[in-house]
Amino acid sequence: MHDVSPHTVQHGAPTGFIRKHVFSIDHKVIGKQYYALALVAVFVGMVLSWVMRIHLGWTNFAIPGLHFLSSTGAPGDVMTPEYYLQLMTMHGTIMVFFVLTTAPFAAFGNFFLPIQVGAEDMPFPHFNMMSFWVTFLAFLVLVASFFVGDGPTLGGWTQYAPLSAVGAVSGPGQGMGVVLWASSIAIFCVGQLLGSLNFITTTLDMRTKGMSLMRLPLSAWAWFITSIMGLTAFAVLMPACILLILDHVAGTSFFVPSNLVINDQVLPHTGGSTLLWQHLFWFFGHPEVYIAIIPGLGIVSHVLITNMRRPMLSHRVLIYSMGALAVLSYMVYGHHMFVSGMNPFSSLAFSFPTLVITIPSTIVVLIWLGSLYGSKLRINTASLFALGFISMFISGGVSGFFLAQPSIDIMLHATYFVVGHFHLVMAVAAIFGIFSGTYFWFPKMSGRMMNETLGKIHFWLSFVGTYCIFMPFHYLGIAGNVRRYQAFVDDYLQPLIPVHKFITIAAILTGVAQFIFIYNLIYSRFKGAPAPDNPWEATSLEWITATPPPHDNFGGKLPVVYHDPYQYGIEGSSGDYVMQNSPEQIKTAFDEK
Amino acid sequence: MATTVHELPKSEPRRSSNEGSGNGGWRNLVPAGGDARKLADYSPPPASTGIWVALASITMTFAAFTSALVVRQASALDWRHISLPSILYWNTLVIFASSFTLEVSRRQVATYMGGLRSQVARPARWLYVTLFLGLLFVAGQYAAWLQLGSQGLYLPTNPSSSFFYVLTAAHGLHVLGGLGGLARVVRKLSNSTLRRSTLDATSRYWHFMDVLWLYLLLLLWMKL
Amino acid sequence: MRIRRSYLALVALIVAPALMFAGTVSGKVTYTGTPAKPKAIDMSKEPSCAKQHATPVTTETVVTDSSNTLDNVVVYISAGADDPNAPSQAVTFTQKGCQYIPHVIAMHTGQELDVLNADQTSHNIHPLAKVNREWNKSQPPGAPPIKDKFDAPEFISVKCNIHPWMHGWFAVLKTNHYAVSSNGGAFDLPNLPAGKYTVTAWHEDYGTKTQDVTISGNETKTIDFTFTAKPY
Amino acid sequence: MAKIFAITIVLIAIGSAIPILMHTWDLPQDISTHGPLIDEQFSDTMAEAGISFLASQFLLAFFIWKFSNPKPGAKIRNFPGGAMGLVIAAFLLVGTEVLALGVFGAKAWASVYFTPPAANAMPVQVQAGQFAFYFRYPGPDGKFGPLHADHISEGNQNFFGLDPQNDPESRDDIVSAEMAVPVNREIHLLMHSKDLGHSFFVPELRVQQDFVPGVDLSIHFTATKVGKYEIVCTQLCGLGHYNMKAYLEVKSQEDFDSWIKQQAAAQ
């Protein structure tokens with residue numbers, strides 16, 4: 001009988017637009033689709049943040065045309081309290097799920113993981129296609145809540161119960177809005193589970209000859225570790241969302257305790273546990289933060305080392321550190337709940353591993369700095385963003401010292417200090433990782449170079465602007481400025497409003513600067529200089545194949561790998577570097593045996 | 001802008017179909033300059049790795065449900081004991097029987113695919129039996145719901161019944177997925193595009209389903 | 001029969017003001033027993049409102065005076081004078097000093113209701129309707145009036161979700177013959193053509209009372225309502 | 001370009017540190033007995049975090065300055081001590097640092113949460129609801145009347161759902177929209193949520209604790225400075241969250257006594 005080898009993924013190049021660009025099973029196309037989705041999502045999220053920032057700086061300022069977005073949410077263009085919270089929730093949800101998870105992990109990972117391990121495609125291409133379209137559906141469902149009933153939910157991206165679970169009585173958008181939110185996230189989980197399945201199997205089974213796990217580039221390692229986390233984290237969030245939906249539509253009481261009174265009416269639910277939601281959510285939520293940032297670590301290492309023209313001081317230590325971060329991230333989630341009313345002893349129990357996390361993070365930074373030492377650093381947009389990432393990662397990391405301690409968290413919990421912390425360390429840092437990866441890999445993805453001058457302008461505005469926005473957040477937090485307020489009516493917050501005005505202006509300018517990037521992206525896609533196969537003189541497998549790569553990545557000839565990924569700064573036949581697939585002997589090889 | 005080095009990719013001629021693309025292994029390095037052909041060439045077929053990965057995430061999901069159940073039970077005094085519908089125990093027998101028949105058919109199909117077609121007249125027969133038993137199990141679970149309903153216990157009635165419906169429904173959906181997989185195996189077998197790895201993965205999933213069911217039964221029996 | 005009468009009533013209603021060819025029902029609402037004394041409302045949470053009130057504001061559930069009269073009672077013709085169509089002009093419900101003005105507002109089914117925010121803070125209007133559609137909208141200072149109408153007769157409790165103490169009532173009636181007892185529990189229902197009517201008095205806490213009255217031509221009937229107060 | 005970048009990083013690092021060093025925005029003044037430990041912990045952490053922040057940013061800037069666009073023929077050098085040295089350094093420096101923080105932080109935490117309220121602590125109940133706090137004092141009988149969820153009627157100022165008709169303990173309970181406490185007297189705060197998740201945050205008091213619906217927690221504290229402070233909600237609870245606040249009035253004992261009399265009269 002005719003038995004196809006289980007190892008090969010053989011699907012001929014598709015013909016016809018639909019199979020090629022829409023319902024494609026080619027990991028490269030799917031990667032681009034994820035990237036496009038993330039671009040749309042990040043644009044929506046950014047606009048939302050503008051509107052929120054303006055409202056925070058100048059409450060009751062009429063934003064022209066806002067009522068077109070929602071006539072009840074912004075009567076006479078002035079934002080209502082609930083509408084602010086609704087936009088805030090959507091900003092958080094869209095950014096965390098549809099930008100920070102999709103872009104660095106799903107988008108770049110899909111495109112480059114199979115190429116970097118030397119495979120023709122992912123092992124389950126149809127799951128891969130489903131993974132994207134399911135995620136896309138999730139995005140549509142989420143955005144749909146803007147146009148249903150009294151708008152999206154106002155419960156914040158953490159959707160704490162019982163606010164999220166009691167239904168419409170708790171406020172506008174808490175009925176249909178929450179159901180749509182939870183459905184969207186549950187669907188999203190399915191998509192990411194399918195993706196993770198492919199990523200893990202690709203890394204384990206699809207590596208080409210000689211590509212041992214330790215010879216994988218750091219980016220591939222980051223995606224591998226992230227996919228393992230995604231597999232476990234999203235598998236926990238999905239049931240939580242299902243239970244939340246049931247509390248809404250089926251009248252169960254998983255998260256809603258007895259005798260809650262809203263509008264003088266006793267709610268029908270009984271006996272639910274509000275902390276249950278927090279436990280389930282944060283068991284996902286904290287790993288999710290690392291799901292967002294670890295691909296950034298990998299991408300940045302990959303980009304930096306190429307531009308430092310030397311091998312990483314230690315390939316291994318970086319891999320182990322990323323692994324340690326991943327493992328620890330499951331043991332610390334309780335630090336989001338120090339003052340939540342859970343047992344104060346467990347607060348301490350969670351605080352120590354949280355502090356311990358600073359060790360692997362520090363090691364990562366030190367390895368970067370140590371590799372920077374004595375290197376031959378090449379400055380280009382990609383490396384600038386990578387270095388910017390390090391600076392952000394440090395700045396956002398040190399504020400973790402405070403938040404890891406329950407005693408200090410009494411003062412800083414739910415203040416802008418937290419907002420500043422996670423925006424720097426996971427949000428903006430991850431975004432910088434995405435930018436770095438984009439400027440680095442765009443030639444391979446599109447076949448054309450991006451414009452360096454525009455890129456550098458974009459970097460400078462983003463870098464300075466980001467600090468102008470997020471550093472002041474810490475000061476606000478120290479002064480006790482509570483987050484998730486749509487206006488600052490408390491007396492002690494009045495002197496802080498000028499700071500908010502400053503932040504708003506910085507945010508708008510920085511946001512506008514992003515259009516330079518969009519322009520650069522579109523312009524270079526069509527008019528950019530044609531890209532050579534290996535513009536950065538890099539060593540990993542994505543650079544040995546044609547630009548852009550053929551449908552099966554290596555033109556039917558899978559490479560054989562002879563070296564560790566980053567053989568730079570040595571006399572090779574091809575310059576100061578030897579590519580992973582070049583069989584030549586290296587006198588001063590940096591193989592870590 | 002760095003100068004480009006146009007270097008022909010070093011690569012080997014395309015594998016023949018019985019040879020793998022994957023060549024993982026932890027320390028399985030090609031000696032620099034050495035001959036790639038010398039390499040031991042084995043890595044498990046993706047399907048068999050993939051199924052373990054999938055089972056891992058399913059385990060996580062049900063672990064989450066379990067912890068939810070434990071926390072919820074501890075959170076309030078409104079936990080009411082409900083006695084499990086007796087039919088569940090019959091369903092347990094059914095799904096175990098299905099595992100057994102699937103194992104039988106797996107061996108037969110193996111022999112069949114092994115080229116010894118003469119010995120196996122109709123390899124799909126036991127697969128059909130398994131499919132039937134699977135459907136019977138799902139029907140049985142539905143009957144169990146009806147039994148509970150007749151006692152006036154519905155999804156929102158009390159936390160115990162809520163968790164009973166949620167857990168059985170979640171498990172039932174996974175079983176339906178398994179049935180889809182089996183149907184796919186039957187189809188592939190009939191037009192002889194079936195891979196061993198597909199068959200093994202599917203049966204692994206199926207066996208996991210009844211182990212999972214046994215776990216759920218114990219959980220419900222102890223907790224509810 | 002009934003149709004014809006209400007049709008007559010309508011015609012009468014239109015021409016009545018011109019030639020005083022209609023009766024009036026007027027009277028007083030009182031109570032017996034001791035009502036719970038109005039509680040002081042502490043608005044310290046909302047300084048912009050608190051400073052608008054020299055004297056401490058009290059709850060308006062039971063508004064009374066020395067002679068046991070009862071204000072904020074909706075007195076209306078519950079049978080005998082159904083008016084099919086609502087008046088064109090809107091009724092206005094104002095939020096001022098974190099209070100609802102008036103505390104009880106009566107309107108015809110389908111009549112336009114304008115909700116105004118005269119304060120420097122955001123308010124939230126949440127009519128807890130059972131029969132009609134429940135809604136919950138916020139109104140920032142300076143926002144245009146919220147316009148809405150209710151199609152089914154109902155007494156709707158109204159709350160502000162931002163200021164828990166703010167509480168009022170929408171009395172949605174299918175007649176134009178209504179009055180809300182005020183300054184000493186007085187009310188009068190003018191322009192009633194000859195006929196037999198049921199007059200109902202509704203109080204948010206003490207419930208309803210009804211009386212029948214017959215109007216023959218141009219006269220003024222006096223009927224009084226007496227509720228029994230609740231001590232708590 | 002690299003040199004400008006290095007300078008920018010240094011400038012940003014210094015610029016970020018200045019407001020901290022100049023205490024432009026600082027923790028609000030502390031009026032609690034347990035606060036000093038927290039503040040001390042905070043300033044220690046600020047010192048350690050600040051040093052690590054500046055050090056690593058400067059190092060990054062310096063390396064970028066030094067090793068970008070190198071001279072032709074420059075050789076690659078390995079960091080003295082190599083990766084292992086750095087790993088060990090990280091473990092020693094950061095490890096001890098965080099361990100110290102953790103241990104001392106635990107002490108501060110314990111002083112707040114692991115001590116029982118004094119026997120003579122004054123009980124006050126706070127109820128959080130959309131979107132206001134209400135406070136209840138037991139009155140002369142020293143007993144809180146039971147709560148009846150179905151009796152709650154905000155329009156009639158019955159925020160707790162008291163039933164004075166049937167519960168004699170409830171008759172002398174004093175309900176107020178602002179919280180007055182006598183100075184230097186330990187308060188045992190019983191926290192009850194009427195509806196959703198809320199939080200009780202008084203920056204000056206160094207107290208932040210979530211309300212858990214369905215579970216009544218309690219915290220205890222002693223205010224040491226007479227004055228008027230703000231109680232705010234820090235747990236997103238709905239559209240009025242931003243406006244969910246109340247005032248805490250720390251009064252001298254006699255002022256407090258007269259206040260409580262006057263409140264009792266107003267009930």
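Guide: In chain B, helices α4(B) and α5(B) are roughly antiparallel to each other, a term used for angles over 145 degrees, whereas angles under 35 degrees count as roughly parallel, 65 to 115 as roughly perpendicular and the rest as oblique. Helix α4 spans residues 159-190 of chain B and helix α5 residues 196-223 of chain B; they pack at an angle of about 165 degrees, with axes 10 Å apart. Axes are lines fitted to C-alpha atoms, for helices over the stretch in contact, and angles run from 0 to 180 degrees between N-to-C directions. Helices (H or I, at least four residues) and strands (E, at least two) are DSSP runs, numbered from the N terminus.

This is a predicted model, in which local features need pLDDT of at least 70, side-chain atom pairs count only at pLDDT 80 or more, and totals for chains, interfaces and linings use all residues. Residues are numbered from 1 along each chain as its sequence is written, while chains are lettered from A and ligands numbered from 1 in the order in which they are written.

The crossing of α4(B) past α5(B) is left-handed, meaning that the near helix is turned anticlockwise from the far one by less than a right angle (clockwise would be right-handed). From α4(B), the contact includes B:Phe164, B:Leu167, B:His171 and B:Val185; from α5(B), it includes B:Tyr205, B:Trp206, B:Trp213 and B:Leu220. Residues are in contact if their C-beta atoms, placed from the backbone, lie within 7 Å. The residues of the contact of α4(B) with α5(B) divide into 13 nonpolar, 6 polar and 1 charged; Ala, Val, Leu, Ile, Met, Phe, Trp, Tyr, Cys and Pro count as nonpolar, Asp, Glu, Lys and Arg as charged, and the others, Gly among them, as polar.

Contacts between chains may be described in the same terms. Chain D places 87 residues in contact with 86 residues of chain A. The elements giving two or more residues to that side of chain D include α1 (2-21), α2 (35-67) and α3 (82-113) of chain D. The largest share, 17 residues, comes from α3(D). The side of chain D that touches chain A divides into 50 nonpolar, 26 polar and 11 charged residues.

Within chain D, the domain assignment, automatic or from a database, gives domain 1 (2-69 + 82-113) and domain 2 (122-266). Their centres, taken over C-alpha atoms, are separated by 38 Å. Between them, 9 residues of domain 1 are in contact with 10 residues of domain 2.

Definitions and conventions:
Contact = placed C-beta atoms within 7 Å.
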